[in-house]
Amino acid sequence: MIEVTGLTKAFGRLRVLDGVDLRIAPGRVTGIVGPNAVGKTTFLKLLVGLIHADAGRILVGGLPVSADGAYRDRIGYMPQISTFPERLSGRYCLELLKDLRGRGAETDEELIGQFGLEDQLTKPLRTLSGGTRQKVNAVMAFLFRPELILLDEPTSGLDPLSSSILKDKIARERERGRTIVVASHQMAELEEIADDVVVLLDRTVRFVGPIEQVKRGTHQVSLERAVAHLMIRGVAA
Amino acid sequence: MSGGRSPALRIARAQMRDVIRGRWFLAYLGFVILLTDGLSRFGGDPSRAMLSLMDVMLLVVPLVTIVFATMYFYQAREFVELLLSQPVRRRAVFSGLYLGLMVPLAGVWTLGVGIPLLIHGTAGGSERVTLGALILVGVALTLVFGALGLLVAVRTEDRLRGLGVALGVWLLTAVVYDGLVLLLVSTLANYPLERPMLGLMLANPVDLGRVLLLLRFDISALLGYTGAVFQQFFGGVRGAGIGAAALLLWICLPLMLAARSFTRKDF
């Protein structure tokens with residue numbers, strides 16, 4: 001689903017990704033993990049085209065990430081932080097997105113009911129709590145039944161019930177054959193929902209493969225321990 | 001939603017809807033209406049009232065617009081990211097943002113000045129043309145400083161710094177520039193300065209606006225060196241044409257630079 005070759009990105013003098021090669025398999029849930037500020041969000045933003053690569057190539061479903069943005073029709077993206085126009089309602093924003101994509105009928109709004117958002121969507125967005133806005137954000141990511149769903153710290157700010165609802169949704173979409181990429185610090189959560197994991201360390205990919213494999217390879221009992229192990233080895237090296 | 005067909009118009013519609021419900025927008029509208037109403041009641045004869053209005057306009061419209069545009073872009077940042085994650089071209093998002101801000105702000109000036117003056121009957125006969133020019137220059141300055149505001153905000157990551165730069169641009173064009181020109185004129189009083197002066201006028205949108213209006217008031221010689229030079233060189237129509245073309249350039253150039261930075265920017 002995603003093919004990345006030689007991906008390099010620097011912000012000024014700070015080189016975040018350096019010659020990253022990576023393939024993310026379709027129909028699976030892949031977690032992106034690594035230390036703080038390693039470039040997880042940058043990686044997702046590069047896939048959506050919010051950030052431009054300095055070098056390298058990204059293919060999403062065989063289409064190159066390009067300026068015209070047509071490939072984004074296949075992508076649903078849930079950013080880590082979201083602010084909407086304060087005085088518009090959530091419903092208005094959803095309708096705007098439908099309008100922009102030229103799709104209204106075949107959208108997936110099941111999360112609205114599950115999160116109990118119907119009433120909230122009629123209010124101006126500035127009156128909603130951070131968690132509620134995060135739910136609106138999640139609704140938007142799944143709205144157009146995209147082939148590829150990119151989620152950046154999706155459960156941060158959500159209460160346990162909403163977090164469970166979102167994780168169930170991810171599992172259902174995986175069953176439907178969608179590709180889901182989750183950047184997260186919550187290792188236990190990734191262990192629950194993800195098949196594969198990409199470990200970013202020192203500007204490059206240190207490991208990519210099934211979660212079980214990274215645990216076996218590092219002789220650790222949990223993903224958290226396994227990633228920590230890789231980080232320590234990285235420092236030692 | 002039955003917005004325009006192009007993504008840019010759809011985005012502009014949503015932004016307009018958001019902007020016109022904001023407190024600062026309503027405050028600006030109220031200010032322009034009260035100002036125009038007050039000046040047409042107590043500002044003496046219609047021509048004087050419109051002259052006073054012009055003086056206030058040349059300070060207030062650039063200030064309000066550039067600050068509004070800069071802050072608006074920073075506040076819309078995450079929403080812009082959401083729009084950019086849709087299958088929409090970046091230029092469409094940029095055009096939508098600019099239009100969505102410019103239509104309401106230009107509308108404030110047009111309606112806020114036009115309606116009170118028409119109600120009071122201040123603008124009758126030949127003064128209607130002056131009123132038209134006043135509104136047109138106000139709208140043009142809105143478009144110029146809206147483009148400059150977006151340019152500053154797109155290129156400056158830090159909000160406070162961006163606001164500082166925006167205020168600096170306003171201070172330079174609306175306040176300091178005339179002082180510098182006067183200084184130059186008095187220092188080099190013995191030299192023929194007409195041609196350089198013309199260049200200096202074209203180089204500042206606020207002065208350009210002033211020149212265009214003074215030509216209409218027909219008292220340019222009394223109101224500063226700027227207008228006199230323009231009148232002397234070009235007379236009515238030709239001067240207005242060249243001035244308007246320069247003003248158009250002042251809208252297009254920053255807008256193109258801002259659009260270019262916007263399409264290359266990392267969000």
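The model described here is a predicted one. Of the 267 residues in chain B, 45% are buried. When contacts within chain B between residues at least 6 apart in sequence are considered, 76% of them join residues at least 24 apart.

One helix pair of chain B was examined in detail. Helix H3 (residues 46-75) of chain B packs against helix H5 (residues 90-119) of chain B at an angle of about 160°, and the two axes lie 11 Å apart. Because angles over 145 degrees count as roughly antiparallel, H3(B) and H5(B) are therefore roughly antiparallel to each other. The crossing in which H3(B) passes H5(B) is right-handed. On the H3(B) side, the contact is formed by Leu53(B), Val61(B), Thr65(B), Phe68(B), Ala69(B) and Tyr72(B), while H5(B) supplies Leu101(B), Leu105(B), Trp109(B) and Val113(B). Classified by residue type, this contact of H3(B) with H5(B) contains nine nonpolar residues and one polar residue, with no charged residues.

In chain A, six strands form an open sheet with mixed pairing, in the order E6-E7-E8-E3-E9-E10. Strand E6 (75-78) and strand E10 (204-210) of chain A are the edge strands, each pairing on one side only. With direction ignored, neighbouring strands of this sheet are turned by 15° against each other on average. Within the sheet, strand E7 (residues 148-152) and strand E8 (residues 179-183) of chain A pair in the parallel sense over five bridges, and Leu151(A) stands opposite Val182(A) in E8(A).

Helix H4 (residues 130-142) of chain A lies across E6 and E7 of chain A and runs at about 170° to E6(A).

The contact between the two chains takes 26 residues from chain A and 23 residues from chain B. On the side of chain B that touches chain A, the elements giving two or more residues are helix H1 (7-19) and helix H4 (77-84) of chain B. The residues on this side of chain B divide into 10 charged, nine nonpolar and four polar.

Definitions and conventions. Residues numbered from 1 in each chain as written. Chains lettered and ligands numbered in written order. Predicted model: local features only at pLDDT ≥ 70, side-chain atom pairs only at ≥ 80, totals over all residues. Contact = placed C-beta atoms within 7 Å. Helix = DSSP H or I, 4+ residues; strand = E, 2+ residues; numbered from the N terminus. Nonpolar A, V, L, I, M, F, W, Y, C, P; charged D, E, K, R; others polar. Pairing = 2+ DSSP bridges. Axes fitted to C-alpha atoms, helices over the stretch in contact; angles between N-to-C directions. Parallel < 35°, antiparallel > 145°, perpendicular 65-115°, else oblique. Left-handed = near helix turned anticlockwise from the far one by under 90°. Buried ≥ 20, exposed ≤ 12 C-beta atoms within 10 Å, placed from the backbone.
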